[in-house]
Amino acid sequence: MGGYAIEARGLVKRFGAFTAVDGVDLQVAEGSITGMLGPNGAGKTTLLRMLLGIIDPDEGTRTLLGSEKPLKRAHEVGYLPEERGLYQSMKAVDTIAFMGALRQLPLDEGRRRGRVLMEEAGLGHAIEKKIKELSKGMAQTVQLLGTIVHRPRLIVLDEPFSGLDAINQGKLERLIRQQAEDGVTVIFSTHVIAHAERLCENVAIVAGGKVRFDGSVEAARDRLRPQVHLETRETEGNWRAALPAGTEREGHWWHFTLPEGGPEPLLGALIEGKAGIRSLSIERPGLHDAFVAIAGEAAAAEMQRLHSDGDKP
Amino acid sequence: MNETIRAAWVVGRRDFTAIVLSKAFLMFLLGPLFPVGAGILFGSLGNSVAADIGGDMVGISMPADQTQALVRTRAALAEALGETRFPEVRALVPDGRSPKQLLDNAKLEDGNSKGKLAAVLSGSFDAPVLTATAEEAQNMGPELALLIGQARSGTARLQRIAVDPVDSSAGGLQRAQLLTGQAGQFLLFLLVLLLAGMVLSNLVEEKSNKIIEILAAAIPIDAVFIGKLFAMLAMALVGIVVWGAAGMAALQIWGPGLPELPVPALGWPIFIVLGVLYFVMAYLILGSMFLGIGAMASTVREVQTLSMPVTMLQMFVFGFAFYTVSKIGQPIEIVASILPFTSPFAMIARAAQVPVFWPHLVALAGQGLFALLVVRTSAMLFRRNVMKSGGGAGVMQALFGRKKTA
């Protein structure tokens, strides 16, 4: 513990003339939950595939659980791809066992654990059912259980909330938290900022094939100054000189970024100048605001559009 | 390497179980019955149609005694040599019309014969005249001349010849073993083509249902390739065992009524073992090529386009090997035995006809090395292309377009 589960330096991946990932540096601390935020086409899936060794980078290096050959550590990794796929004629429990067997878990042990996991997930009635007999949500849950059946040290989830209803999204959030409590490193990609804000200690903001920010959620939010919303009785007076440049006015309301010196000097000037404070709120920026500031308005708008199109938390 | 073998085993075991327990496998096992059934059906239909149409019929308009002699001679010779050896002859009722008129609308003496006349034989034994098209005259002329000669001399009866039986003759055995060799080649070709196609569709299905990414993230992609290749091979060997057992059972039941199969030059046990080994080699070479192609394609249509040249090549390979089956020991047959693509087919034909074993060891070693090369090359193509994302990756780029890697 204490090291990095994933380290990447200068990763580049090109498909013909298109550069999908452009010089990415990334570090994911062991035992952390990291969200990879970005709109479609940002390069998240390609980046995850390179980190896992599914595809090779054109340039750069990556280390996964201490190995520069990620597939050497595949038995310690669980991966849920964005495009879900299962053998339709396979039984649910056999599917979980097969996914475990791929990662060196003996088939019989995989079946035993698969039964337990399905019971815990409330799918005890579907253990012997074929995948094609399950609902889409149930099949997705089976695939997720297959991702963790071998008790990996690192779990990589590509858009795990996509296509899930609110109840199953809640279950998935609980599962991610539980895995993290057990010391497992979790990294997931999403275009729903709310999931990352609720779950993650760290985020990597990806846009245009580059990681624009890699750090804690708090650090991302701290990149923006808090916003002040002030309502006064008076609209004129010497106290106005204390308001910072760029302040926006709406009648008796004033909106501005909290000055570097903090709220105390401002409050002193307002009281001394008899501004007549009716209300004052200081809002710390959310992750969404940080994302807009870091990735840009266009990326944020695309994220919002994707979110509105289907994946409501 | 151990991990690759372990992972290949996991993939192969899953594929094998899934296929063998599927309904499609039952169809695969029943597959060979369809051509046999179709052959019997169309054969009997053909006979029925041929019987309905009737054979070549020649109307005889000669003096009555000569006509009757001709009809009797034809009947006697046809009985001895076979009905199809001579054109059917029928006496015409003399009504004063010319042969040309008779050809158009003759009345036969028996009044109930099927078919229409193809020719009219008139005149006499001394000066016979055949009224027919040039083609018909060329086809029937010699047989009719022979009939007239026999009828005239009154010696239609064949001389009886005593038989001093032997087990085999050099000429007869050669012909029979050639047949065995051709049958072995054809069976090998059909099996390989069928299975290589199944490998391809299996891979495309997995690419389209997105499972390939789960596999590629968990195990070396070479293991996916090898697992799939050998799972299908194992399935094929199960099929061969089942068909072999069914064939043996059929022989036990209907054996006495069937013609005896020509014994291959190396004997049945060695011939069968070599057949299986050559099948394995041919399948590994073609199957791995198809898997490499399948990795480059993302849709069934693309697969069809890409696999067509390989299928055509395979047809050419088979045609070449089939051509050399009767040319054992000639340079062209030796070339076919050496070329890796044709070698399994040429060598199985050789096993049927030449009682020398060592060339098979050399051929198997050569084929094995080439199969290894093709498997490794195809696995490389597979690894390079199977998880390729993003648009615009054409076949040429898939083959040659790898960029600098870390």
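**View 1. The hairpin of E11(A) and E12(A) in the predicted model.** Glu250(A) stands opposite Trp253(A) of strand E12(A) in this predicted model. Two residues lie between the strands of this hairpin, and Gly251(A) has a positive phi near 65°. Strand E11 (residues 248-250) of chain A runs antiparallel to E12(A), and three bridges join the two. Strands pair if DSSP finds at least two bridges between them; strands (E, at least two residues) and helices (H or I, at least four) are DSSP runs, numbered from the N terminus. Residues are numbered from 1 along each chain as its sequence is written, while chains are lettered from A and ligands numbered from 1 in the order in which they are written. Local features need pLDDT of at least 70 and side-chain atom pairs count only at pLDDT 80 or more, whereas totals for chains, interfaces and linings use all residues.

**View 2. Pairing of E10(A) with E12(A).** Strand E12 (residues 253-257) of chain A is also joined by five bridges to strand E10 (residues 227-232) of chain A, in antiparallel orientation. Gln227(A) has Thr257(A) as its bridge partner in E12(A).

**View 3. The open sheet of six strands.** The strand order in chain A is E5-E6-E7-E3-E8-E9, with mixed pairing. Strand E5 (77-80) and strand E9 (210-216) of chain A form the edges, each pairing on one side only. On average, neighbouring strands of this sheet are turned by 15° against each other, direction ignored. Six bridges join E9(A) to strand E8 (residues 202-207) of chain A, and the two run antiparallel. Asn202(A) has its bridge partner, Ser216(A), in E9(A).

**View 4. Helix H1(A) across the strands.** Helix H1 (residues 44-52) of chain A lies across strand E3 (33-37), E5, strand E6 (154-158), strand E7 (185-190) and E8 of chain A. H1(A) runs at about 155° to E6(A) (axes are lines fitted to C-alpha atoms, for helices over the stretch in contact, with angles from 0 to 180 degrees between N-to-C directions; contact requires C-beta atoms, placed from the backbone, within 7 Å).

View 5. His195(A) belongs to helix H6 (residues 193-199) of chain A and is buried because 21 other C-beta atoms lie within 10 Å. The term buried requires 20 or more other C-beta atoms within 10 Å of a residue's own, with C-beta atoms placed from the backbone. Gly100(A) is 95 residues from His195(A) in sequence and 27 Å away in space, C-alpha to C-alpha. Phe291(A), in helix H9 (residues 287-295) of chain A, counts as buried with 25 C-beta neighbours inside 10 Å.

Conventions. A residue is buried if 20 or more other C-beta atoms lie within 10 Å of its own, exposed if 12 or fewer, and partly exposed in between; C-beta atoms are placed from the backbone. Two residues are in contact if their C-beta atoms, placed from the backbone, lie within 7 Å.
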